[in-house]
Amino acid sequence: MADREKILRYFRASDDDQVAAKLLDLAEGANKNRKFKVSDFLDPHTRNVAEIVAANYGSIKIESDGGFLNAERVKVAFVAEDFQGKPDFGIACFAIAWNKRYYRLSHRDILGAFMGTGCKREALGDIVITDDGAQIVTDKAITGYLVNNLLKIGAAPVILTEIGQDDLLKKEEKVKIIKATVAELRLDAVAAAGYGISRSRMSDAIKDLNVRINWQDVKKPAQHIQEGDVISFSGRGRVEVAEICGTTKKGRVSVVLKRYI
């Protein structure tokens, strides 16, 4: 049996103890009923928390599904090792259509409309913009409610159609390579270079809690950045610190960034 309090103490330092407690409940439930328990949709950071939790149970394995083949947000199933069936992740898939001649909708617009229906963020997986509109993955439990309530996104009337998981398109992300130099490896400096805005504006965005590192909230513009870190800026996509190349003759730090558009 896992030492629950020890695990929670481990995650308390990173403020992940609340999510860890929920995941521990699921792992303990699967361990007790010898079947499986499924989480809400998790981002990559929270999924890592789930993997650490599962590793503390010798008789529990972990599986995940986010609908899309390369999903970023996934549901995690804690599965008893002697369970012979396949876990039901409770996923529903939808195509969203609107008149593209008159309306241009973004990932941010769709997320905002979804939240505006009163549904929680944890009930929504990835959002993929397509040639015909968009595709989303949600918790199956809200299917009826969503169809009856997600009728407009901004000013655009939309049609929501449930589709099979096999009908989901592969996520394709456009990547822009950015080579830049920064005075130091601070979050505000690196993020400003990645998003093409001023350092002062980026600093304000960080203080307003609109920026995350590795899917975790961050408040300090001076936070140190490392190679491999992923920076998220609300409504502006992600920037990955692909390479830190060293110091230039003028004492600046050369970096290679990947911006996912």
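Two strands count as paired here if DSSP finds at least two bridges between them. In this predicted model, strand 1 and strand 3 (residues 74-80) meet that condition with five bridges, running in the antiparallel sense. Within the pairing, Phe 36 sits opposite Val 79 of strand 3.

The two strands belong to an open sheet of three, ordered 1-3-2 and paired antiparallel. Strand 1 (36-42) and strand 2 (60-65) take the edges, each with a single partner strand, so one side of each goes without a neighbour in the sheet.

Helix 2 (residues 17-33) packs on it and touches strand 1, strand 2 and strand 3, with its direction at about 160° to that of strand 1. Helix 3 (residues 44-55) also lies across strand 1, strand 2 and strand 3, but runs at about 5° to strand 3.

Zooming out, the protein chain has seven helices and 15 strands, and its C-alpha trace spans about 60 × 55 × 30 Å along the principal axes. Of its 261 residues, 44% are buried. Among contacts with a separation of 6 or more, 59% come from residues 24 or more positions apart.

As for the surface, the chain exposes about 14,400 Å², with carbon and sulfur atoms supplying 47% of that area. Charged side chains come to 41 positive and 36 negative, and the centres of the two sets lie 5 Å apart.

Technical notes: Residues numbered from 1 in each chain as written. Predicted model: local features only at pLDDT ≥ 70, side-chain atom pairs only at ≥ 80, totals over all residues. Heavy atoms only, no water. Helix = DSSP H or I, 4+ residues; strand = E, 2+ residues; numbered from the N terminus. Contact = heavy atoms within 4.5 Å. Axes fitted to C-alpha atoms, helices over the stretch in contact; angles between N-to-C directions. Buried < 20%, exposed > 50% of the residue type's maximum accessible area, 1.4 Å probe, protein only. Areas by Shrake-Rupley, 256 points an atom, 1.4 Å probe, with all protein chains shown as cover. Lys, Arg positive; Asp, Glu negative; His and termini not counted. Charge placed at Lys NZ, Arg CZ, Asp CG, Glu CD.
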